[in-house]
Amino acid sequence: MNARFRLITVPLVGLLLLTSCTTKKASERKQRAAYAAGRQYGELAAAQAGVAKEGEPAITFSGDVEHRSIPWREDLTLAQAILEAGHNGRRDPRYIVVHRGGQEFKAPAWRLLRGDDFRIEPGDHIEFRR
């Protein structure tokens, strides 16, 4: 091997090895920082989307919705809750069922569209049925 080639190659390979090596501690530090940033981003996105935080009174949904839970507030109606949850089904539901304390309140969707709306209580679960 040519001495000139060795003079250039050896330092370059050494530099490459030094710059590409990551210590275990540095790798763990990067992982923790990425996790914290992801968690912070998720909390911010949830707050902006109106998703209920853990321990806060909430309304939950099953069916075709963007958000499975939304924060409860006073004077929240069924229609407002459905809008906030973001119903995204291909077809409109035939019935909207509100589960409250072991009881089930079944309302035809057409009645809600007609303006027959009612207040939602904390802990209610809203289900869309076809």
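At 29% relative accessibility, tyrosine 95 counts as partly exposed. Here, buried means under 20% relative accessible area, exposed means over 50%, and partly exposed lies in between (1.4 Å probe, protein chains only). Tyrosine 95 belongs to strand E3.

The structure is a predicted model, in which local features need pLDDT of at least 70, side-chain atom pairs count only at pLDDT 80 or more, and totals for chains, interfaces and linings use all residues. Residues are numbered from 1 along each chain as its sequence is written, and side-chain values use heavy atoms, with hydrogens and water left out.

The pLDDT is the predictor's confidence in each residue, from 0 to 100. Its mean over the chain is 78. A value of 70 or more is reached by 67% of the residues. Among the elements, helix H1 (residues 3–20) has the lowest mean pLDDT, 54. Strand E1 (residues 58–62) has the highest, 93.

The chain has 130 residues, of which 22% are buried. Its secondary structure comes to four helices and five strands. Helices (H or I, at least four residues) and strands (E, at least two) are DSSP runs, numbered from the N terminus. The order from the N terminus is α-α-β-β-α-β-β-α-β.

The five strands form an open sheet with mixed pairing. Their order is E2-E1-E5-E3-E4. Strands E2 (69–71) and E4 (103–108) stand at the edges; each has a single partner strand, so one side of each is left without a neighbour in the sheet. From one strand to the next, the twist averages 20°. Axes for such angles are lines fitted to C-alpha atoms, for helices over the stretch in contact, and angles run from 0 to 180 degrees between N-to-C directions. Two strands pair if DSSP finds at least two bridges between them.

E1 and strand E5 (residues 125–129) pair in the parallel sense, over three bridges. Phenylalanine 61 stands opposite isoleucine 126 in E5. E5 also pairs with E3, in the antiparallel sense and over five bridges. Here valine 97 faces glutamate 127 of E5 as its opposite residue. Strand E3 (residues 95–100) and E4 are antiparallel too, with six bridges. Histidine 99 has glutamate 104 in E4 as its bridge partner. E3 and E4 form a hairpin with two residues between them. In the turn, glycine 101 has a positive phi of about 55°.

A positive phi, near 65°, also occurs at aspartate 75, a residue other than glycine. Aspartate 75 sits in the loop between E2 and H3. Its relative accessible area is 47%, which makes aspartate 75 partly exposed.

The largest pocket has a volume of about 300 Å³. On a 1 Å grid over the protein atoms alone, a pocket is an open set of points with protein on both sides within 12 Å along at least five of seven lines; lining residues have an atom within 4 Å of a point. Grid points are joined across faces, edges and corners, and a volume is the space filled by probe spheres set on the points. Lining residues include Ala79, Ile82, His87, Asp92, Ile96, Leu112 and Phe128. Two or more lining residues come from each of helix H3 (78–85) and helix H4 (109–114). The lining divides into nine nonpolar residues, one polar and one charged. Ala, Val, Leu, Ile, Met, Phe, Trp, Tyr, Cys and Pro count as nonpolar, Asp, Glu, Lys and Arg as charged, and the others, Gly among them, as polar.

Key
On a 1 Å grid over the protein atoms alone, a cavity is a set of points where a 1.4 Å probe fits but cannot get out, and a pocket is an open set with protein on both sides within 12 Å along at least five of seven lines; lining residues have an atom within 4 Å of a point.
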